[in-house]
Amino acid sequence: MGTAERREAPEESVAERSAARWRLEAPDRDIPARGRAAESADEQQQAYRPLWVEEPARRHPLPDPVRTAAVRAVLIMAVTLIQAMVAFLCTMAGSWLAFPMVISGVASTVVATWAVVDVWVTRQVWSQRYGVVSEPSSTARALRRERRARRREERAALREQERIRRRGGTGQLSHP
């Protein structure tokens with residue numbers, strides 16, 4: 001139930017909503033129903049509900065190079081956080097391992113920062129190479145259209161000049 005539906009719905013308790021939903025849902029297929037005869041194949045087929053319904057994604061998935069960089073960054077950050085926690089616990093325990101863990105934690109922080117910047121740079125590079133928006137409202141498309149029209153006019157003017165020169169004229173029209 002969405003926010004708008006909740007606002008419009010009459011006030012009822014969570015227990016009432018759960019009970020109503022339980023009555024509407026089909027029983028579990030693995031557990032035999034008590035006090036009922038076995039349903040026919042037709043009735044079972046009609047009452048079948050899929051486990052989930054796939055909904056279309058609201059946004060496009062990440063491109064493969066960006067997804068790869070993002071996964072790498074998440075793994076590196078997870079290792080960095082584990083190193084920081086181990087360094088903290090070793091420091092609290094007074095272990096000799098505390099100093100090497102702090103040093104490796106600092107190095108790991110630098111690498112994690114690089115990994116996050118790598119995700120950002122990879123995303124920018126990918127969108128510059130392949131991410132031309134081809135919607136009519138796109139600014140880039142309008143600018144390209146204007147540039148093409150200007151080049152077309154310049155080429156037409158050059159062709160006209162060449163045509164006049166080939167005739168042997170001085171570039172002036174023969175009629176005043």
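## Salt bridges in the model

A salt bridge is a side-chain nitrogen of Lys or Arg within 4 Å of a carboxyl oxygen of Asp or Glu. Side chains of opposite charge can pair when their charged atoms come close. The structure described here is a predicted model. A search of the whole structure finds 3 salt bridges.

## Arg 72 and Asp 118: a link between helices

Arg 72 and Asp 118 form a salt bridge, with a distance of 3.0 Å from N to O. Arg 72 belongs to helix H4 and Asp 118 to helix H5 (residues 98–130), so this pair ties together parts that are 46 residues apart in sequence.

Are the two partners buried or exposed? Asp 118 has a relative accessible area of 17%; because buried means under 20%, Asp 118 is buried. Arg 72, at 36% relative accessibility, counts as partly exposed.

## Asp 64 and Arg 67: a pair within helix H4

Asp 64 forms a salt bridge with Arg 67, and their closest N and O atoms are 2.2 Å apart. Both residues lie in helix H4 (residues 64–93), where a spacing of 3 residues separates them by about one helical turn. Arg 67 is partly exposed, with 36% relative accessibility.

## Glu 160 and Arg 163: a pair within helix H6

In helix H6 (residues 139–166), Glu 160 and Arg 163 are 3 residues apart, which means that about one helical turn separates them. Their side chains meet in a salt bridge of 2.2 Å, N to O. Glu 160 counts as partly exposed at 35% relative accessibility, and Arg 163 counts as partly exposed at 32%.

Conventions: Residues numbered from 1 in each chain as written. Predicted model: local features only at pLDDT ≥ 70, side-chain atom pairs only at ≥ 80, totals over all residues. Heavy atoms only, no water. Helix = DSSP H or I, 4+ residues; strand = E, 2+ residues; numbered from the N terminus. Buried < 20%, exposed > 50% of the residue type's maximum accessible area, 1.4 Å probe, protein only.
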